Amino acid sequence: MGISSRFSFVSEGSLLIEIGNILDYEVSDRVQSLSLALKKLDILDITVSYGSLLIDFDPLKYNLDEFLLDVKNIFDVVMSTFSKREEDTIIRDVFVKFGGQYGPDLKYVAGFHNISEEEVIREFTSKIYKVFMLGFTPGFAYMGILSDRIATPRLSTPRLSVEAGSVGIAGNQTGIYPTRSPGGWQIIGRTEQAMFSPENEDPFFLKPSDYARFIRVDS
């Protein structure tokens, strides 16, 4: 695919690289490959989004023109040599109780598409979903891409409190609330799997580029 890009300094210590503005597997894979390659530079942090990434660096360490040239050189190498290695794919199993008290919006999602609740569950669990990025709260993984058969708009009015472990749908994305928090996604189920464990050296169950496979368990 042809790759267009835009580089812009958004502050004296932050460089934004935009590759695409769509929810797309390959664009996301390229962003994540670039993120790994850029870590060879002496930078402070990298924040990955669907089709862009933000590099935070110490402006006292770099001439901006030279820094931009270094980044563009790495970008060119990554984009010209990019290939997805299926053997690197990590799939995490997530066991979910659907419907009822665990998924109060499952009935609405089914009605929205004029299919049964069982069909929603079957369609949802028939695919694996890529983690595009983390955000909103620590450990909240934005995943996709849901089929049009079950993609459903967010709630018109968000809930003030959503239980930890709730599995939601918003458009063609799915996500899991790591902690109890406000939220506007359609809740179809709940898992007991912890998404965020700050006491662990590696606190996140799901990370960008991982895939999640949802497995139904009896309520």
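Me: Does Ile-43 count as buried or exposed in this model?
Reply: The model is a predicted one, and in it Ile-43 sits in the loop between helix H1 (25-38) and strand S3 (45-48). Leaving aside neighbours within four places in sequence, Ile-43 is in contact with Leu-38, Ile-55, Asp-56, Phe-57 and Phe-67. Because buried means under 20% relative accessible area, and Ile-43 has 18% relative accessibility, this residue counts as buried.

Me: How far apart in space are Ile-43 and Gly-183, C-alpha to C-alpha?
Reply: The C-alpha atoms of the chain fill a box of roughly 60 × 40 × 35 Å along the principal axes. In sequence, Ile-43 and Gly-183 are 140 residues apart, and their C-alpha atoms are separated in space by 33 Å.

Me: How many helices and strands does the chain have, and what share of its residues is buried?
Reply: The secondary structure of the chain consists of four helices and 13 strands. Of contacts between residues at least 6 apart in sequence, 63% join residues at least 24 apart. Among the 219 residues of the chain, the buried share is 47%.

Me: Which residues touch the most other members of the largest nonpolar core?
Reply: In soluble globular proteins, nonpolar side chains tend to be buried together. The largest nonpolar core here has 25 residues, and the elements that give two or more residues to this core are S5, H3, H4, S6, S7, S9 and S13. A second, separate core of 23 residues includes Leu-34, Leu-53, Val-71 and Val-78. In the largest core, the residues that touch the most other members are Phe-124, Met-143, Ile-176, Ile-188, Leu-206 and Phe-214.

Me: Which residues does Phe-124 touch, not counting those up to four places away in sequence?
Reply: Phe-124 belongs to the largest nonpolar core, where it is one of the residues that touch the most other members. Once residues up to four places away in sequence are set aside, the residues touched by Phe-124 are Phe-98, Tyr-129, Leu-146, Ile-150, Val-167, Ile-169, Thr-174, Ile-188 and Phe-214.

Me: How far apart do the centres of the positive and negative side chains lie, and how many salt bridges does the structure hold?
Reply: The chain carries 22 positive and 30 negative side chains, and the centres of these two sets lie 6 Å apart. Side chains of opposite charge can pair when their charged atoms come close. The number of salt bridges held by the structure is 13.

Me: With which residue does Arg-92 form a salt bridge?
Reply: Arg-92, in strand S5 (residues 91-98), pairs with a residue in the loop between strand S12 (186-191) and strand S13 (211-216), and the two are 118 residues apart. The closest N and O atoms of the pair are 3.8 Å apart, and the partner is Asp-210.

Me: How far apart are the closest N and O atoms in the salt bridge of Arg-159 with Asp-105?
Reply: Arg-159 is partly exposed, with a relative accessible area of 25%, while Asp-105 counts as buried at 7% relative accessibility. In the salt bridge between Arg-159 and Asp-105, the closest N and O atoms are separated by 2.8 Å.

Me: Which parts of the chain does the salt bridge of Glu-163 with Arg-180 tie together?
Reply: The closest N and O atoms of Glu-163 and Arg-180 are 3.2 Å apart. Glu-163 is partly exposed, with a relative accessible area of 32%, whereas Arg-180 is exposed at 56%. Because Glu-163 lies in the loop between S8 and strand S9 (166-170) and Arg-180 in the loop between strand S10 (173-176) and strand S11 (181-183), the pair ties together parts whose separation in sequence is 17 residues.

Me: Which residues does a cis peptide bond join?
Reply: One of the two residues lies in the loop between strand S7 (141-144) and S8. Omega of the cis bond is about 10°, and the residues joined are Gly-144 and Ile-145.

Conventions: Residues are numbered from 1 along each chain as its sequence is written. This is a predicted model: local features need pLDDT of at least 70, side-chain atom pairs count only at pLDDT 80 or more; totals for chains, interfaces and linings use all residues. Side-chain values use heavy atoms; hydrogens and water are left out. Buried means under 20% relative accessible area, exposed over 50%, partly exposed in between (1.4 Å probe, protein chains only). Contact means heavy atoms within 4.5 Å. Lys and Arg count as positive and Asp and Glu as negative; His and the chain ends are not counted. The place of a charge is taken as NZ of Lys, CZ of Arg, CG of Asp or CD of Glu. A salt bridge is a side-chain nitrogen of Lys or Arg within 4 Å of a carboxyl oxygen of Asp or Glu. A nonpolar core is a set of buried Ala, Val, Leu, Ile, Met, Phe, Trp, Tyr and Cys residues joined through side-chain atoms within 4.5 Å.
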